[in-house]
Number of protein chains: 2
Amino acid sequence: MPRIDDIATPALVVEGPGFRHNLDTMRGARPGPALRPHVKAFKSTGVAQVLAAAGHTAFCCATIREVEGMAAAGLGQDLLLANEVLDARRLGAVAAAGARITVAVDSVETIAAAAQGGVREVLIDVNVGLPRCGCDPDDAGRLADAARSAGLSVRGVMGYEGHLMDWADRDAQAAAVATSMTELRRAHELVGGGLSSAGGTGTYDLHHWVDEIQAGSYLFMDTHYARVGLPFVEVLSVHTTVISVDRRRRWAVTDAGLKALGMDHGNPAVHPDDGEVFFCSDEHTTLVPGEHGGTWRVGDRIRLRPAHVDPTIAMHERMLVVDEHDEVIDEWAVDLRGW
Amino acid sequence: MPRIDDIATPALVVEGPGFRHNLDTMRGARPGPALRPHVKAFKSTGVAQVLAAAGHTAFCCATIREVEGMAAAGLGQDLLLANEVLDARRLGAVAAAGARITVAVDSVETIAAAAQGGVREVLIDVNVGLPRCGCDPDDAGRLADAARSAGLSVRGVMGYEGHLMDWADRDAQAAAVATSMTELRRAHELVGGGLSSAGGTGTYDLHHWVDEIQAGSYLFMDTHYARVGLPFVEVLSVHTTVISVDRRRRWAVTDAGLKALGMDHGNPAVHPDDGEVFFCSDEHTTLVPGEHGGTWRVGDRIRLRPAHVDPTIAMHERMLVVDEHDEVIDEWAVDLRGW
């Protein structure tokens, strides 16, 4: 097996043992259908196959492309597009081919699109505090009625408390999640149906009512989520090579930059601690000495931990999985990119 | 021809007339070989073909993948990898297949890699002030000697004054460029060779000595570059659809987010001015009313201007070109992504 240091850079690398720890930790807390893994975090049917083998066979998607790819890979047992669409024809085609497809709706327009597109099942998406999609809880029953009138089966409700994911104070966070879920529960009583879906990596252990949690980042983590104190470990990094060193002015330049790293949460971090990121360019990251490190040589390998895992993975074609000896033991294609 | 509003969103769209204006404006200032268009900005052989037809037949690349793809598309007349690499074997293979390949070097290690990889021509990359790659000007002659001793042909020098691209004060910018180019010129005297290469979109008209400018962003522009006051117009946007509206709290949500928009320079802008971007999520952008606009309906099309063009394009599989009537007149595959 090749060692990871023999692979060309930039390379997106997953530390296998930590990944397994994350998977097992979540599975212990939310086994089988209590977790609906969110495909948007990894965009890979290879990762989804691992999750399905671990008992999580219902998945959550953010794009139609993700739904199509999951179904084509034989993972269409229960696919929820946890997002609104105004043209559901491609979803309808996937459903007609035999997959179970449910789509989130929060308006009469998205209900009409689901019905016209040939989707048969919906969840009423309820706003529980995040300024994004989801109907007012008071409108949820009316929308469920409209959906049923349009011939759709209403499976229940979903509500994503995305504004509560990264709170440092877990007691306050738990109280805020409870408040959000009071809203979702009220909507569920108006809507009916058997399913309630909510949550994410940051709140996975703070839900005591919903049937399933929508989480994906827990598998990989990032420097942003790592600050919260969850029992999941960071296992994803972009492996880079030092291509230039300025000894006089003491900086080094690696061969991966902002086209290989999701930047919306800020700069990546050097791992293990061996200097600090000064700035990222398209295909470079300039490092300067920190408290530790800073004696780089051309050819050194540097691992950069992303600040946000989801967009980072979406920039790569594949993830390489390494064991505890840094030998490459698996490869997962990032095959669900685009729209 | 389909109208752009009939195309599924998110879609990356180029306004054709403005693109042609940008191309012609630059061509007027830096015709033919006086411009070496930078492929990293667009990662598309389709765009490169347009530039080649306009007389710019030498190109600049940032990754080996870009070099390989350009050569495979018959655009290998003069390809410069303006970046350091420690494994040049793939470049050597492209050269052996008949393309003219030049690679930047700034150390004995990158010189050795070029020679061992089968690349025959190099430019000495000189640091002219940006804390990134490039040798000290005083070392340039020694490196050129080392390259020639290794059997390489030294074409000359390059130096990228990337720290000077977005200055608002053009007189001060011109003076700073002149200082940077004094360094490059001093290095060139030590190095020899016929070619000097520098610059970018922000300084394209401030160079009076170098043979060629490396620029790519000028074709599309972005909200960051637009602030500088160059004669190029913004022509790139991500077309989105409003999928959810919260009338009570007055926000709207579109179906493209930070996986469709380079975020390293900040949030995108709504174009034309019809509200403000509140925040971007993976696949959503939440808008709030600004001075203008804010009366969105579900199904409305919203155009988002990116803050940084290069990483935005790299997130998409294709660009659609529209005419002044918003009819789709061309499609360019973004076929040079990855590494």
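Predicted model: local features only at pLDDT ≥ 70, side-chain atom pairs only at ≥ 80, totals over all residues.
Helices, H or I with at least four residues, and strands, E with at least two, are DSSP runs numbered from the N terminus. Residues are numbered from 1 along each chain as its sequence is written, chains are lettered from A and ligands numbered from 1 in the order in which they are written, and side-chain values use heavy atoms, with hydrogens and water left out.

Let me begin with helix α3 of chain B, residues 64–72, whose buried residues are I64(B), E66(B), V67(B), G69(B) and M70(B). Those buried residues pack against α2 (45–53), β3 (59–61), β4 (79–81), α4 (89–96) and β5 (101–105) of chain B, where contact means heavy atoms within 4.5 Å. Just after this helix comes G74(B), which takes a positive phi of about 80°.

Now to the two chains together. Two copies of a chain are related by a rotation about an axis and a shift along it. Here, chain B is superposed on chain A by a rotation of 180° with 0.0 Å of shift along the axis, at an RMSD of 0.0 Å, and this is the relation of a two-fold axis. Both copies use the same surface, since 100% of the contact residues of chain B recur in chain A. The superposition is by least squares on the C-alpha atoms of residues with pLDDT of at least 70 in both copies.

Which residues does N127(B) touch, leaving aside those up to four places away in sequence? They are R249(A) and W251(A) from chain A, together with R132(B), C133(B), G134(B), C135(B) and P137(B). N127(B) itself sits in the loop between β6 (121–125) and α6 (140–149) of chain B, and at 4% relative accessibility it is buried. A polar atom of its side chain lies 2.9 Å from the backbone nitrogen of G129(B).

Next, some backbone features to look for. R250(A), in the loop between β9 (236–246) and β10 (251–254) of chain A, has a phi near 60°, a positive value in a residue other than glycine, and R250(A) is partly exposed at 46% relative accessible area. D326(B) also has a positive phi, near 60°, and is likewise not a glycine; D326(B) lies in the loop between β16 (318–322) and β17 (328–333) of chain B, and at 17% relative accessibility it is buried.

Where do we find cis peptide bonds? One joins H271(A) to P272(A), with omega near -10°, and P272(A) belongs to the loop between β11 (269–271) and β12 (276–280) of chain A. Another joins T9(B) and P10(B), with omega about -5°, and P10(B) is in the segment before β1 (11–15) of chain B.

Finally, P31(A) lies in the loop between α1 (16–29) and α2 (45–53) of chain A, and is partly exposed at 45% relative accessibility. P31(A) and G55(A) are 24 residues apart in sequence but 7.1 Å apart in space, C-alpha to C-alpha. Not counting residues up to four places away in sequence, P31(A) touches M26(A) and H56(A).

Notes. Buried < 20%, exposed > 50% of the residue type's maximum accessible area, 1.4 Å probe, protein only. Polar contact = N/O pair within 3.5 Å; in protein donor to acceptor, adjacent residues only side chain to side chain.
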